[in-house]
Amino acid sequence: MVNDDMPNRIITGALIIKPNIKRFTKTGVVFDDDTSEEDIDVVVFATGYRFDFPFIDESVMKVENNQVSLYKYVFPPKLNPPTLSIIGLVQPFGAIMPISEIQCRWATRVFKDTAKLPSQE
């Protein structure tokens, strides 16, 4: 759960931030600060992710070190005319849905030629 509700859950104690795991016991876990939790049913390792677009030619868009060059985080700058947009490839502090909606609105305007992207020069 990473969304706008997370800070409220932390403040109310519904979500407790713990340090890194030092070791597992038979039924629990010991953390780096030597605190422990017992009767653990499940541990979810949220270690991040690596993204890739193997279906897009690297001459259009290349992923390097989990980074991709997109104009305003939407359009591959090497693609002219702009016929491809990448929606939602951002790391917002809040909800991603409103950002994705605005990106979609902008992309459709560019595709319909009612909005122009600046020249690369």
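1. Let's start at the surface. Ile-21, Phe-24, Ile-40, Val-43 and Phe-45 form a nonpolar patch there, and together they have about 430 Å² of accessible area. A patch is made of residues with over 30% relative accessible area and no salt bridge; nonpolar side chains (Val, Leu, Ile, Met, Phe, Trp, Tyr) are joined within 5 Å, and like charges within 9 Å. The areas come from the Shrake-Rupley method with a 1.4 Å probe, and for residues only the protein chains shown count as cover.

2. Before you read on, a word about the source: this is a predicted model, in which local features need pLDDT of at least 70 and side-chain atom pairs count only at pLDDT 80 or more, while totals for chains, interfaces and linings use all residues. Residues are numbered from 1 along each chain as its sequence is written, and side-chain values use heavy atoms, with hydrogens and water left out.

3. You will find Val-43 in the loop between E3 and strand E4 (63-64). The cut-offs are under 20% relative accessible area for buried, over 50% for exposed, and partly exposed in between (1.4 Å probe, protein chains only).

4. Now trace the sheet. Three strands make an open sheet in the order E1-E2-E3, with antiparallel pairing. Strand E1 (21-24) and strand E3 (36-37) are the edge strands, each pairing on one side only. Strands (E, at least two residues) and helices (H or I, at least four residues) are DSSP runs, numbered from the N terminus; two strands pair if DSSP finds at least two bridges between them.

5. Look at the pairings in turn. E1 and E2 are joined over 3 antiparallel bridges and form a hairpin with 4 residues between them. Strand E2 (residues 29-31) pairs with E3 over 2 bridges, also in the antiparallel sense. Val-29 in E2 is the bridge partner of Phe-24, and Val-29 also stands opposite Glu-37 in E3.

6. Glu-37 leads us to the charged pairs. Glu-37 forms a salt bridge with Lys-18, and their closest N and O atoms are 3.3 Å apart. This pair links distant parts of the chain, 19 residues apart: Lys-18 is in the loop between helix H1 (6-12) and E1, and Glu-37 is in strand E3. Both ends count as partly exposed, Lys-18 at 35% relative accessibility and Glu-37 at 33%.

7. How many salt bridges are there? The count comes to 6, where a salt bridge is a side-chain nitrogen of Lys or Arg within 4 Å of a carboxyl oxygen of Asp or Glu. Among them, Arg-9 meets Asp-5 at 2.5 Å, N to O, and Asp-113 meets Lys-116 at 2.6 Å, N to O. Lys-116 is exposed, with a relative accessible area of 62%.

8. Finally, go inside. The largest nonpolar core has 7 residues: Phe-51, Phe-53, Ile-56, Met-61, Val-68, Leu-70 and Ile-86. A second, separate core of 5 residues includes Val-74, Phe-75, Ala-107 and Val-110. A nonpolar core is a set of buried Ala, Val, Leu, Ile, Met, Phe, Trp, Tyr and Cys residues joined through side-chain atoms within 4.5 Å.
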